[in-house]
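Good morning, and thank you for coming. I would ask you to keep the structure in view while I speak.

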Amino acid sequence: MKQSDDLFLLIKSLDNNEKRHFTLYSSKGSKDDAGYIKLFNAINKQDIYDESIIKKKFAGSAFIKQFTVAKYKLYYQVLRSLESYNANHSKKNKIKSLIIHAGALFDKMLFQQSRKIILRAKKTAMNCEYFLLAAEAVAFEKKINSVEQMVGKTKETADILYAEEQKLLGRHLNVCRYDWLYYHMRVISKEGFSRSGEQVKEYDYIFRDDFLIKKENANSAYAQYRSNLTVGS
């Protein structure tokens with residue numbers, strides 16, 4: 001894939017709602033953003049990317065003099081628009097936003113408000129089994145806790161939060177293990193079954209893994225799902 005095609009491929013990958021959001025998102029910006037909307041629309045209308053046609057269309061425009069820079073800025077403007085769009089449509093992004101909000105409140109020394117937000121982020125992450133994000137929330141909770149301990153507003157010990165963080169990271173690694181087993185099995189299966197000694201060893205290695213033998217090792221719904229898929233492959 002040519003580097004000059006990156007922007008074209010990104011724009012063409014957007015669905016109609018994402019394209020509409022980009023226009024609304026960018027229309028709130030500066031005059032430069034209005035130029036980016038025009039460039040976005042021109043590229044979007046092309047079925048096959050032709051940079052020479054774009055340059056002719058915008059000949060005389062200020063940004064055409066530094067077209068490489070303009071494409072770079074538009075590329076990241078589209079990514080920022082996608083981030084904004086997904087923040088309202090993705091649980092994972094909502095959790096990330098909550099962690100950012102907690103950070104903003106912490107910086108304003110509104111520690112109780114920050115704690116409320118970070119606890120909400122942690123609870124949501126746990127419910128969705130996003131263990132790494134939940135651990136990130138706990139790490140931030142430790143930060144709040146250390147400040148509140150200094151001013152005598154909490155007696156909660158760091159040991160409790162440290163143990164919680166370790167448990168969450170362990171559950172994340174548990175999911176990683178089941179992902180690895182599943183994808184490794186898929187690779188072997190795609191090669192087609194044969195009775196070659198090497199392939200039999202690979203199958204045997206997977207099916208003898210404790211994570212598959214002992215069902216209780218799958219300590220989340222996602223891990224159980226991956227386990228069942230691997231065994232059924």
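Predicted model: local features only at pLDDT ≥ 70, side-chain atom pairs only at ≥ 80, totals over all residues.

Asp179 has its place in helix 9. Which residues does Asp179 touch, not counting those up to four places away in sequence? They are Tyr222 and Arg226. With Arg226, the side chain of Asp179 meets in a salt bridge, at 2.8 Å from N to O. Asp179 belongs to helix 9 and Arg226 to helix 12, which covers residues 221-232, so this pair ties together parts that are 47 residues apart in sequence. Arg226 is buried, as is Asp179.

Let me now step back to the whole chain. The protein chain has twelve helices and zero strands. Of its 233 residues, buried ones make up 36%. Among the contacts with a separation of 6 or more, 59% are between residues 24 or more positions apart. The chain exposes about 14,900 Å², and carbon and sulfur atoms supply 54% of that area.

As for Ile118, what does it contact once its neighbours within four places in sequence are left aside? The partners are Ile99, Ala102, Ala137, Phe140, Glu141 and Ile144.

Helix 7 deserves a moment of its own. This helix has 17 residues and reaches 24 Å from its first C-alpha to its last, close to the 24 Å expected at 1.5 Å a residue. Its buried residues include Phe111, Ile117, Ile118 and Ala121, and also Arg115 and Lys122. After helix 7 comes Glu129, whose phi is positive, near 60°.

Arg115 forms one with Glu141, where the closest N and O atoms are 3.7 Å apart. Since Arg115 lies in helix 7 and Glu141 in helix 8, the pair ties together parts that are 26 residues apart in sequence. Both Arg115 and Glu141 are buried. Glu141 also meets Lys122 in a salt bridge, at 2.9 Å from N to O. Here Lys122 is in helix 7 and Glu141 in helix 8, so the parts tied together are 19 residues apart in sequence. Lys122 is likewise buried. Arg115, Lys122, Glu141 and Glu164 are linked in a network of salt bridges.

Finally, the surface. Which residues make a nonpolar surface patch of about 300 Å²? They are Tyr72, Tyr76 and Leu79. Tyr72 is found in helix 5, residues 67-87. Is Tyr72 buried or exposed? It counts as exposed, because its relative accessibility is 54% and the cut-off for exposed is over 50%.

Thank you for your attention.

Conventions: Residues numbered from 1 in each chain as written. Heavy atoms only, no water. Contact = heavy atoms within 4.5 Å. Helix = DSSP H or I, 4+ residues; strand = E, 2+ residues; numbered from the N terminus. Expected span 1.5 Å × (residues − 1). Buried < 20%, exposed > 50% of the residue type's maximum accessible area, 1.4 Å probe, protein only. Areas by Shrake-Rupley, 256 points an atom, 1.4 Å probe, with all protein chains shown as cover. Patch = residues over 30% accessible without salt bridge, like charges linked within 9 Å, V, L, I, M, F, W, Y side chains within 5 Å. Salt bridge = Lys/Arg side-chain N within 4 Å of Asp/Glu carboxyl O.
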